[in-house]
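Hi,

Here is the structure we talked about. My notes on the metal and ligand sites follow below.

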Amino acid sequence: MTLLTPPERIDIVEVAPRDGFQSIHDPLPTEDKRRCIQALIDAGITRMEIGSFVSPRAIPQMADTGELVAAFADRPAMRFSALVPNLKGAELALAQGIRELVFVVSVSESHNQSNVRRSVEASLADLARIVDLLGHKGNACLRLDLGTSFDCPFEGRIDWRQVDAVLDQAMAICGHLDLEVALCDTTGRATPYRVAEHFTRLIERHQAPRLSWAFHGHDTYGMGVANALFANHHGATAIDAACSGLGGCPFAPGATGNTATEDLVYALDGGSCHSGIDLPRLLLAADAIAALPGGKTASHLRQVPRKTLIDNLQGLRTY
Ligand code: COA
Ligand code: ZN
């Protein structure tokens, strides 16, 4: 038997400030968000989805994203991104100084309608306009979040060929740009072997020098860490996670938060992946996030008595 050697590269993308904070019903004070974001940076997070530029009527929780971007403007070591659902969002994000746009479109028609109130075709038309806009901005880059890449809350299981059909069109639009494609398990119902199948099939068909891959998973069925590891082993170099497991999607009924960042970092022990994250400090950030009123968290590590956990972490080889 050969020893399974993990890929050496993993970028953990912290999404609690977007996917997590948007799940808390009453918008949080900006200062509370700022404090939690600082705690995440102190723990060694270097990639973060700091918020989204969306309709404040659709998601009032994200209305202060511009203020947060401004508050963390002078952080050369940080890669901040922001989710955008349309051209207007892209224009606002770029005007506020965001250099990494996360454009979201769902593979399933019904989820795209529910999430961004338009057809997949209309979303892709906006993607083309955003790509055109980015053509004039040399220093900005694009990530494509393919929502419901495994499962849709309304249509059920999604075959990799359905993802391929949308990705084919997206690649025809974005092919000349540096692009990160994220397969998103919006509902958290994917399983590791299905994650492996989707990445393997899609990378076979779309491998390109300027294309990299990411996985965004929710932990509804407890598969989050396993799915993330399978995604990483099958080509995803960036993995989204939310500190403390905060979250739940307002447009995916029943879905819980993203996989907890601390659980994922712990799972990397023993491999050769270096996340650069300091787990004891990340737990302090998780505590701060869990203390926010109105949030639902789901973290395994936070349930372990802290002294036992810290003692156990002494021998950990992930940072
Ligand atoms: N940022 C800020 N405001 C925006 C916006 C954006 N990206 N896009 C549209 N708006 C504003 C419009 O200016 C308009 O404002 P007004 O009523 O004051 O004139 C209002 O929102 C409605 O615009 P419209 O183009 O008709 O959009 P819509 O009502 O059909 O909603 C979206 C479409 C995409 C803007 C909305 O559904 C949305 O923001 N969804 C985000 C979903 C999300 O973030 N989901 C979680 C992540 S997966
Ligand atoms: Zn999500």
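Start with the metal. The donors of the zinc ion (ligand 2) are spaced D-x196-H-x1-H along the chain. Helix α1 (residues 16-20) holds D19 and strand β9 (residues 211-217) holds H216, so the pair ties together parts that are 197 residues apart in sequence. The protein donors are D19 (OD), H216 (NE2) and H218 (NE2), at 2.1 to 2.2 Å from the zinc ion. Donors here are N, O and S atoms within 2.8 Å of the metal (3.2 Å for Na, K and Ca); water is not among the atoms, so sites may look incomplete. Helices (H or I, at least four residues) and strands (E, at least two) are DSSP runs, numbered from the N terminus.

Basis: this is a predicted model, where local features need pLDDT of at least 70, side-chain atom pairs count only at pLDDT 80 or more, and totals for chains, interfaces and linings use all residues. Residues are numbered from 1 along each chain as its sequence is written, chains are lettered from A and ligands numbered from 1 in the order written, and side-chain values use heavy atoms, without hydrogens and water.

Now ligand 1. Its shell has 19 residues (a heavy atom within 4 Å). The closest are S55, R57, N86, K88 and N115. By class, the shell splits into nine nonpolar, five polar and five charged residues (Asp, Glu, Lys and Arg count as charged; Gly is among the polar). α4 (87-96) and α5 (109-116) each give at least two shell residues. The largest share, three residues, is from α4.

The side chain of N115 has an N or O atom 2.7 Å from one. For a backbone N or O atom of F53, the distance is 3.0 Å.

Key: A polar contact is a pair of N or O atoms within 3.5 Å; within protein, one must be able to donate a hydrogen and the other to accept it, and residues adjacent in sequence count only if both atoms are side-chain atoms.
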